[in-house]
Amino acid sequence: VSFLDIRFCNGVLEIPHVVIDNLRTDLLMNFVAFEQCYSHCSKHVTSYAAFMSCLIRTPEDVSFLCDKKIVENYLGTDEEVVHFFKNLGKGVTFDIDKSYLRKLFKEVNEYHRNMWHVRWEGFRSKYFGTPWSFLSALAAVILLLLTAIQTFFTVYEYASPSGA
């Protein structure tokens, strides 16, 4: 699996593990420079750099990606990784329509435009992030249903002529 094999499935970005260290940052910078100098070659690494610079904007983004085992940071601080990706694409010509990630960008934008997806994911991660929170919510719904049923039968019993 290449670090370039990024996918978007069912609202989830699947990003392969990448190690960020001095060697790989030098390689990425040289690959981007090579792709910029030679117009006949693919621009896959440039597309990857643009994608990562969109994804990584703050040190918290780097920390999140490290927690999810997507980024392994040997470069230094999270701020240095942000700085690296911000500068990697600086001054680089990038055409999204010629990118191998064109379909991915389109799918992510379409998914994000549908506010129900965004709201549901926010609700799900906030209230059902762990199995225990899901079980407690399920128990609350069951208790609410049982209370409603009990109330219905209590009202029905008092309202019926045989209950008087």
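Which residues have the most contacts inside the largest nonpolar core? In this predicted model, local features need pLDDT of at least 70 and side-chain atom pairs count only at pLDDT 80 or more, whereas totals for chains, interfaces and linings use all residues. Residues are numbered from 1 along each chain as its sequence is written, and side-chain values use heavy atoms, with hydrogens and water left out.

The residues with the most contacts inside the largest nonpolar core, which has 28 residues, are F51, I56 and F85. A nonpolar core is here a set of buried Ala, Val, Leu, Ile, Met, Phe, Trp, Tyr and Cys residues joined through side-chain atoms within 4.5 Å; buried denotes under 20% relative accessible area, exposed over 50%, and partly exposed the range in between (1.4 Å probe, protein chains only). At least two residues of this core come from each of strand 3 (18-20), helix 1 (22-37), helix 2 (44-55), helix 3 (59-67), helix 4 (78-88) and helix 5 (102-113). Helices (H or I, at least four residues) and strands (E, at least two) are DSSP runs numbered from the N terminus. Apart from neighbours within four places in sequence, F51 is in contact with I6, L13, I15, L101, L104 and F105, contact being heavy atoms within 4.5 Å.

Seven aromatic pairs were counted, defined as rings of Phe, Tyr and Trp (its six-membered ring) with centres within 6.5 Å; planes under 30 degrees apart count as stacked, over 60 as edge-to-face and the rest as tilted. F34 and Y38 form a tilted pair, at 4.7 Å centre to centre and 40 degrees between the planes. F152 and Y156 form a stacked pair, at 6.3 Å and 15 degrees; these residues are four apart in helix 7 (residues 131-159), and therefore separated by about one helical turn. Both F152, at 53% relative accessible area, and Y156, at 54%, are exposed.
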